[in-house]
Amino acid sequence: GSNATLVGFGINVTDDDVTIEGFTINMTGNFAIVADNADNLIISENIINYVGNTTGAEINNAIRVSNSENVVVENNVLNIPIPSVYVPWAEIPAGSGIWVSSPVSEGIVLDNCSDLILAGNDIAVEYNNIVGSYDTIYAVDVKNSPNAMVVNNNIEAKGHSYIYGLIISGENMTVSDNTITVESDSNYANGIDVEGLASGVIEN
């Protein structure tokens, strides 16, 4: 990035072996960085100022990476005011008794990213609006990502009704040496929530 500043538009990655480094990204709505099928993606040493504005119909994430292997997200500074929004649930498949959530408003989402490293980031998430009942924010959501390493991050999250600092699922995870501070105005605050099929180490 060579200290480049992007204002009003984000970065969309759909290829392997991409490095996003040294940018300042000032973005409102949609995504600051979104990537899919982007193996060996590196997101490093960026400053991301992302403002979410969803009314519940559209997804808001500062960073969203899906279906990618060997992703590294390290040493970034993220300031993320986003709405606290109700979480839709659906029975998939119908009649199965398996209910799946589809969060709308989250800070960072890393979905189906095996051998992921999320390290050394400074992540501040705070609600800027309230949409619906049981409004919820997941500051960092790592899901279905085996061998994920979440280490040495500072996560500060302030929500209205329900706020989660880190929600994570996947086999053989390592969550270590993070500082996670969460605060709710009213109902519920959770630092680390382990979901679904999961195994690994959570320490320090």
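**Reading the strands, core and pocket**

Guide: Strand β16 is mostly covered, with eight of its eight residues buried. Keep in mind that this is a predicted model.

Visitor: Which strand pairs with β16 over five bridges, and in which sense?

Guide: Strand β13, residues 105-111, pairs with β16 in the parallel sense over five bridges. One place to look is D111, whose bridge partner in β16 is K143.

Visitor: How many bridges join β16 to β19?

Guide: Six bridges join β16 to β19, and these two run parallel. To find the pairing in the model, take V142, whose bridge partner in β19 is I168.

Visitor: How should I read the side chains along a strand?

Guide: In a regular strand, side chains alternate between the two faces of the sheet.

Visitor: And where do nonpolar side chains tend to be in soluble globular proteins?

Guide: They tend to be buried together in such proteins. In this structure the largest nonpolar core has 43 residues, and those with the most contacts inside it are I25, L41, I63, V65, L110 and V142. Strand β19 gives the most to this core, with five residues.

Visitor: What does V65 touch, leaving out residues up to four places away in sequence?

Guide: With those left out, V65 touches A35, L41, I43, V71, V109, L110, D111 and C113.

Visitor: How much space lies in the largest pocket?

Guide: About 540 Å³ lies in the largest pocket. Of the 21 residues that line this pocket, W89, S101, Y138, I167 and E195 are the closest to its centre. The elements that give two or more residues to the lining are β12 (99-101), β16 (136-143), β19 (162-176) and β21.

Visitor: Which element gives the most to that lining?

Guide: Strand β19 does, with five residues. By type, the lining of the largest pocket divides into 11 nonpolar, six polar and four charged residues.

Visitor: Now a single residue. Is D193 buried or exposed?

Guide: The cut-off for buried is under 20% relative accessible area. D193 has 13% relative accessibility, so D193 counts as buried. This residue is found in strand β21, residues 188-203.

Visitor: What does D193 touch, again leaving out residues up to four places away in sequence?

Guide: D193 touches Y164, L166, I167 and I168. I167 was also named among the lining residues closest to the centre of the largest pocket, and I168 is the bridge partner of V142.

Visitor: How far is D193 from T24?

Guide: The two are 169 residues apart in sequence and 30 Å apart in space, C-alpha to C-alpha.

Conventions
Residues are numbered from 1 along each chain as its sequence is written. This is a predicted model: local features need pLDDT of at least 70, side-chain atom pairs count only at pLDDT 80 or more; totals for chains, interfaces and linings use all residues. Side-chain values use heavy atoms; hydrogens and water are left out. Helices (H or I, at least four residues) and strands (E, at least two) are DSSP runs, numbered from the N terminus. Buried means under 20% relative accessible area, exposed over 50%, partly exposed in between (1.4 Å probe, protein chains only). Contact means heavy atoms within 4.5 Å. On a 1 Å grid over the protein atoms alone, a cavity is a set of points where a 1.4 Å probe fits but cannot get out, and a pocket is an open set with protein on both sides within 12 Å along at least five of seven lines; lining residues have an atom within 4 Å of a point. Grid points are joined across faces, edges and corners, and a volume is the space filled by probe spheres set on the points. Ala, Val, Leu, Ile, Met, Phe, Trp, Tyr, Cys and Pro count as nonpolar, Asp, Glu, Lys and Arg as charged, and the others, Gly among them, as polar. A nonpolar core is a set of buried Ala, Val, Leu, Ile, Met, Phe, Trp, Tyr and Cys residues joined through side-chain atoms within 4.5 Å. Two strands pair if DSSP finds at least two bridges between them.
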